[in-house]
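Visitor: Hi! I'm new to this, so please walk me through what I'm looking at.
Guide: Happy to, let's start once it's on the screen.

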Amino acid sequence: MQNLPDRMTAVAISEPGGPEVLRVEERSIPELGQGEILIKVAAAGVNRPDVLQRKGAYPPPKGASDLPGLEVSGEVVALGEGAGRHKVGDKVTALAPGGGYATYCKVPEGHALPVPKGLSIVEAAAVPETFFTVWTNVFDRCGLKSGERFLVHGGTSGIGTTAIQLAKAFGAEVFTTVGSAEKAEAVQKLGADHAINYREAEFEKVILEITGGEGVDVILDMVGGDYVERNWKAAAVEGRICQIATLNGIAENVNFSRLMVKRLTHTGSTLRPRSDAFKTAIAESLKEKVWPLLESGKVAPVMDSTYPLAEAAEAHRRMEGSGHIGKIVLTVDV
């Protein structure tokens, strides 16, 4: 264990509200439990759940830090009792249950992975949340296979840019929705075969036209609302849809006969409340199947912008403006 200070700098949520409620303060360094490691944070990813937590709509799970921040990269500086997967001094990137917006963050050791060769320590902070989410939902829950057609909404989001690259790397034909010509060009550079501007066309009609009426096999959706039934229209017979958020609210008055006639599977999940063992299993799959793609450069986190930790409010404003392409990351003394 290194000589550590007693206190750390953190960005806390003073009360539910807009970006201005994010305040820099001092906190005690987290105490480690069984199987946990302490990371001196170099960078922390900014994600939609952080925004929802700031607004008071996504409380942290029992036992998790009240600080926002679900992914970090940095150096292991202390090991809890029984932790042996990593050594003090190792450079890692990790999925966190919370607490990433700080100079130190504790995580279960199984949720940390070595920084992929070829990635900077800042780029590494942009990996865990989206790669864990895409892998467990697209490949585990929905079983996307080579040769199938895949649709992800919000192609320039962190989830979207990750899903496009991974689906393409594993042999799928990739469809995505975007809101501008600039974003369409960006996702096509990432490997999307078809970029549909949802402001100019109804995505379900375009997909059915391109596929000769067959539709797509797997859909990853974070929009919800009226997209639920529109996804069912765009889906192929025996298609699988996974819901990971409902940014446009809940769906009402959907036509379930379409679900039955096409024999669709519409599932969903949230990652944060899942068990440590479940997240560790995802990490092990990523290390085996995805880390080689990251280290070879076949896939990479798409970086939109970086902000110093103290400017977390500006990072949230960037995210809520929806102009970003890829990941927004906070940096700590990098």
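Guide: One term to begin with: contact means heavy atoms within 4.5 Å. This is a predicted model, where local features need pLDDT of at least 70 and side-chain atom pairs count only at pLDDT 80 or more, while totals for chains, interfaces and linings use all residues. Residues are numbered from 1 along each chain as its sequence is written, and side-chain values use heavy atoms, with hydrogens and water left out.

Visitor: OK, so what does Thr162 touch, if we skip residues up to four places away in sequence?
Guide: Thr162 touches Thr130, Phe131 and Val134. With Thr130 there is also a polar contact between the two side chains, at 3.0 Å. A polar contact is a pair of N or O atoms within 3.5 Å; within protein, one must be able to donate a hydrogen and the other to accept it, and residues adjacent in sequence count only if both atoms are side-chain atoms.

Visitor: And where is the place of Thr162?
Guide: Thr162 sits in helix 4, residues 158-169. Helices (H or I, at least four residues) and strands (E, at least two) are DSSP runs, numbered from the N terminus.

Visitor: Is Thr162 buried or exposed?
Guide: Thr162 has a relative accessible area of 3%, so it is buried. The cut-offs are under 20% for buried, over 50% for exposed, and partly exposed in between, with a 1.4 Å probe and protein chains only.

Visitor: How many bridges join strand 11 to strand 12?
Guide: Five bridges join strand 11 (residues 216-221) to strand 12, and the two run parallel. Within this pair, Val216 has Ala235 of strand 12 as its bridge partner. On to strand 13 (residues 265-268): strand 12 pairs with strand 13 in the parallel sense over four bridges, and Ile241 stands opposite His266 there. Strand 8 (residues 149-152) is joined to strand 11 by three bridges, again parallel, with Leu151 opposite Ile219.

Visitor: Is strand 12 mostly covered or open?
Guide: Strand 12 (residues 235-243) is mostly covered, as seven of its nine residues are buried. Glu238 is found in this strand, and at 42% relative accessibility Glu238 counts as partly exposed. Glu238 also has a positive phi, near 70 degrees, though the residue is not a glycine.

Visitor: What unit do strand 11, helix 7 and strand 12 make?
Guide: They make a right-handed β-α-β unit, with helix 7 covering residues 227-234. Right-handed means that, with the strands pointing away from the viewer, the path from the first strand over the helix to the second runs clockwise.

Visitor: At what angle do helix 6 and helix 7 pack?
Guide: The angle between helix 6 (residues 203-210) and helix 7 is about 5 degrees, with their axes 9 Å apart. Axes are lines fitted to C-alpha atoms, for helices over the stretch in contact, and angles run from 0 to 180 degrees between N-to-C directions. Helix 6 and helix 7 are therefore roughly parallel to each other. Under 35 degrees counts as roughly parallel, over 145 as roughly antiparallel, 65 to 115 as roughly perpendicular and the rest as oblique. Among the residues that meet here are Phe203 and Ile207 in helix 6, and Tyr227 and Arg230 in helix 7.

Visitor: And at what angle do helix 3 and helix 9 cross?
Guide: The axes of helix 3 (residues 128-141) and helix 9 (residues 276-289) cross at roughly 95 degrees and come within 10 Å, so these two helices are roughly perpendicular. Residues meeting there include Phe131 and Trp135 in helix 3, and Phe278 and Ile282 in helix 9.

Visitor: Last one: where is the place of Thr246?
Guide: Thr246 is in the loop between strand 12 and helix 8 (256-261). Thr246 is partly exposed, with a relative accessible area of 42%. Leaving aside neighbours within four places in sequence, Thr246 is in contact with Met222, Val223 and Gly224. Asn253 is in the loop between strand 12 and helix 8 too, and Asn253 is exposed at 77%.

Notes
Pairing = 2+ DSSP bridges.
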